[in-house]
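Please look through the report below alongside the sequence and the coordinates.

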Amino acid sequence: MSHVRSIWNGAISFGLVSIPIKLVNATESHSISFRQIHIEDGGRIRYRKFCELENREVSNQEIGKGYEDADGTIIPITDEDLAHLPIPTARTIEIVAFVPSDRIDPLQMDSAYYLAASGAPAAKPYTLLREALKRSNKVAIAKFALRGRERLGMLRVVGDAIAMHGLLWPDEVRAPEGVAPDTDVTVRDKELDLADALMETLGEVDLEDLHDEYREALEEVIAAKAAGETPPELPEPERGGKVLDLMAALENSVRAARESRGESAEEAEVKPLPQRKTSRTSPKKSTAKKTPAKKTASSSRKSTSTKKTAAKSASAKGSGTKSTAKKPTAKKTSATKKTASGKRSA
């Protein structure tokens, strides 16, 4: 951590134990920043700081802080005023409690910092606090002052270091009023089952495999323009039909997720819902009921077929052959089918 610039020097107050530390940013932004330019000639646009009373540009060394009162009066506040605030956390991260980590609402999470031990005397108490946090499976809640105001923090162990997350005060977190749908919605068990199947199919992910595709695409555009080439074009998005059926959307999502994992089409097949099976099979049942009525409609043809069957059965009995006795039944069925088809064509 020696090569990283500290943004705050102070100490951790752990009861009567004082641990000298340096506060270091734990995160960094990789976003691409832009400059404002004059479109006509590409010249840089710069901001200059002017004093309203003297109407002249002033340097950073001449600029201080001031609080604007309700009536517009500016009250100067110096760095010395801030350094002598009557609070114990001006240069101290004061631990006030130890709680289970699930007591902290993620909505309260703010900036993250590493707490680096400052000097050799800090090594022993720093390690003591770190090991105590590990063994307790808890996090430390602390108060500290940074950038002109007192803040809340959460200390936890990350590897061999102690990290601190800045926390918003509870009254800074808005209640989720008016956010959820204001209409009564019933979610069926079958819909939840499909949602569960989709969650299981998507599975888990190693966060190390995720990357900023937007930044990579932006870098390609910048590199192409710098080389005088045509920037790559945005691929046409897939335009699917508007899905109004939630069940169909869930089924298609499960199928697409499974196919993307290389599973076969059979494995990706989503079983149709029971009610859909019933609606598909009902016409076949009605057709089966109408079949006997069509058979009885042609009595003369049926009697002729019956006489032929009786004659052949008598011949079969005389010869003592059993296998030929089954064939007339098949011919009778065929004759019946022809009768039914002839009736439908009429």
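## Valine 99 and its surroundings

Leaving aside residues up to four places away in sequence, valine 99 touches Ile104, Lys138, Val139 and Ile141, where contact means heavy atoms within 4.5 Å. Valine 99 is part of strand E7 (strands, E, of at least two residues and helices, H or I, of at least four are DSSP runs, numbered from the N terminus). With a relative accessible area of 11%, valine 99 is buried (buried is under 20%, exposed over 50%, partly exposed in between, with a 1.4 Å probe and protein chains only).

The model is predicted, so local features need pLDDT of at least 70 and side-chain atom pairs count only at pLDDT 80 or more, whereas totals for chains, interfaces and linings use all residues. Residues are numbered from 1 along each chain as its sequence is written, and side-chain values use heavy atoms, with hydrogens and water left out.

## The barrel

Seven strands form a closed barrel in the order E1-E2-E8-E11-E10-E9-E7, with mixed pairing (two strands pair if DSSP finds at least two bridges between them). Strands E1 (residues 8-14) and E7 (residues 92-100) run parallel and are joined by three bridges; isoleucine 12 has isoleucine 93 in E7 as its bridge partner.

## The exposed loop

Valine 185 lies in the loop between strand E11 (161-167) and helix H3 (189-202), and counts as exposed because its relative accessibility is 61%.
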